[in-house]
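Here are my notes on this two-chain entry. Please keep the coordinates open while reading.

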Amino acid sequence: MKIVRRATLCLLAALGCLAGLIGGGEIARAEPGSYHYSFWGDTVVAPAAYKATALLSGEGLGIGAFKEPDDLYVSADGLIYVLDSGNNRIVVLDSQFKPVRMIDSFVRDGQADTFANPQGIFVTERNDIIVADTGHQRVVHLDAEGKLVKIVEAPKSEMLNANFAFQPVRVAADRAQRIYVMSSGVFDGFMEFNADGEFTSFMGANKVQVDPADYFWKMLSTRKQRSQMIMFTPTEFTNLDIDDEGFIYATNGDRFGDTIKKLNAQGNDILRREGYFSPRGDIRFSPAVGPSRLIDIDVGDSDMYSVLDSNKGRIFTYNGDGHFMYEFGGLGNQLGEFNTPTAIERVGEDFLVLDKALGEITVFRTTEYGRTLNEAVRSYYRGDEDKAYEMYQKTINMNANLEFAYVGIGKALLRQGDYAEAMKYFKRGKDQKNYSKAFLLYRKEVLRERFPVIMTVAAVLAIGFLLARKFRIINRGKKVAANEQRAV
Amino acid sequence: MSKGLFKFPLYLIVHPFNGFWDLKYERSKKANLILSMLILFLLVITNVMSSQYSGFLVRLYNPAEMNSLMEVLYVVVPVLFWCVANWSLTTLMDGEGKFVEIFTSTCFALIPMILINFPWIWLSNVISLQETAFYSFSGNIAVCWSLYLLFVGNMTVHQFTPSKTIGTMLLSVAAMGFMAFLCMLFFSLIQQVVSFFSILYQEIVLR
């Protein structure tokens, strides 16, 4: 099955290259490995949206090798914060990837304090640095100069067990200085701390996912057996990010269900899943490898977000409606492939992927195709439909398999009043709802235009029918008269 | 004659009791058989055309999976299965119907599926999403009508009471499932036998 798929992919890729050769430079070449999912769930080739251009390592930057770095964050002003966990330091790079400074200690009560195996970092709009200092079981909040603002220690609350262990691994903060902490071993969701560092509540717990087979065996077993089995607990989150409006995007490690969530202040999932498939990474996978395991999420502008799959080392990007845009990366030894990817971050249009075991950061830059598609999605998000129309036209010239782009074009055409053409594009994008909308308008238009003709034909038919009936009656009368005559 | 040939099926679907009686006792078997074949053929055509030409709003189909030959099988195989299952059962249950009569009555019962669905192939192209309710509604009507005709046809052909007819029809469906299972078994066994001989042949040839 897999081999067949790969063979078809190769064949398609070869065809794509051939088409590229014939068609000249206009058509973007399909890179082997880049793919898209069609409406029918088939894997189809797609041009690469991102290409690896550079590899950053600690030695290369002249600051000593990174040792098991766990997280990175890009601040609003484009500074890159790398959390070098094994070396217990934070390395700050500028947007040209030159080291600016290093933070490995801070002053607390007049004494120098350090980190111990920190695993998560977040930088606020004011460039405050928040670090999940996992080894010390605390969250450290530093200001832009690296001075200590506050330390969040293990909270005491009625909501928590007596033997609760505070192990913060990922952090995020919103504009109101609330800190959201993902603590390992906590099943109740994210821990929310207020601006003063006091624990307020849990939010956005995952639902318990029960495997029917497990449930069946559990039903059959005795109480004693059951007590030794694994409990059905909600899965933990694997990562979080926060967007400009304060919504938390979170990923979890479930095998099925919604693995990406957008949480509002109440902790409800409000992610739009209007795409052909619910966003969850790969939708086709071999049972041996299993589905994508999402371990990081990054929210970009215009509601676009990307998730990192640790299973296959791929990065998937979706737009705000949940349409799958593009995929890149993978596990391997070449440039643009990783060993153990652990974090992704956007720097403007570019992507940074952090590899934990190798201690390297791969820089990905957009291709022509990726730029056009990003711009199309942005224009559409802004409501600039003319620009979106133009950009979507460009993208489908480069990738005819991008079905949601047809819908984008259709919507622009619908607004322009070209209903027949809009219907065509909605049909290509398999969008029945919008097709129906365009069709109703088109039908009305046609009927209005042809009204005189239609009414004339109807009137002629009605009169003809009446005449025919009358004629038949007369005929029958004649026949009856003839018969009577014969009888006489 | 030819006018009556085409008028009769239309008479039958609105007057099933008289129609099926005439079908069994009054009309020529040969003409019935020809008409039945024609009906099956038209049903196949309807199905093929509806999967190809139905409106986008009522049928989203993957062109890669569309196969006209399979559509033929989807019509012919269930009808034949039904006839064989019904015949096998009713012979044991004192049914008066011969196999030909069961076959013709079954085919005639399928007429509404053609009459209603065929115009909808084109109508479905000029409806909106809200109006697709009419499409599915009329499709359901066609199925119900056909089932009713099948019921009356079966009752008339075998001269059963209504309750007995319903019983045999349900049993026939079960028998169809059984037959499908046996067919699968048969084909998989045949496949193994064939592969055995082909391997044997290869061994001898390549030695």
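1. Basis. The model is predicted: local features need pLDDT of at least 70, side-chain atom pairs count only at pLDDT 80 or more, and totals for chains, interfaces and linings use all residues. Residues are numbered from 1 along each chain as its sequence is written, and chains are lettered from A and ligands numbered from 1 in the order in which they are written.

2. Interface. Chain A brings 10 residues into contact with seven residues of chain B (contact: C-beta atoms, placed from the backbone, within 7 Å). Helix H9 (residues 432-487) of chain A gives the most to the chain A side, seven residues. Helices (H or I, at least four residues) and strands (E, at least two) are DSSP runs, numbered from the N terminus. By type, the chain A side has four nonpolar, two polar and four charged residues. Here Ala, Val, Leu, Ile, Met, Phe, Trp, Tyr, Cys and Pro count as nonpolar, Asp, Glu, Lys and Arg as charged, and the others, Gly among them, as polar.

3. Cores. The largest nonpolar core holds 105 residues, and Tyr81(A), Val171(A) and Val181(A) have the most contacts inside it. Helix H7 (residues 403-416) of chain A supplies its largest share, eight residues. Another core, of 27 residues, lies apart and includes Val75(B) and Met155(B). A core is a set of buried Ala, Val, Leu, Ile, Met, Phe, Trp, Tyr and Cys residues joined through C-beta atoms within 7 Å. Buried means 20 or more other C-beta atoms within 10 Å of the residue's own, exposed 12 or fewer, partly exposed in between, with C-beta atoms placed from the backbone.

4. Strands. E5 (residues 80-84) and E6 of chain A pair antiparallel over five bridges (pairing: at least two DSSP bridges between the strands). Tyr81(A) stands opposite Val92(A). Four of the five residues of E6 (residues 89-93) of chain A are buried. Four bridges also join E6(A) to E7 (residues 99-103) of chain A, again antiparallel. Check the positive phi values in the hairpins: near 55° at Asn88(A) and near 65° at Phe97(A).

5. Chain B. It has eight helices and zero strands. Of its 207 residues, 29% are buried. In helix H2 (residues 16-26) of chain B, the buried residues include Phe20(B) and Leu23(B).

Note on methods:
Contact = placed C-beta atoms within 7 Å.
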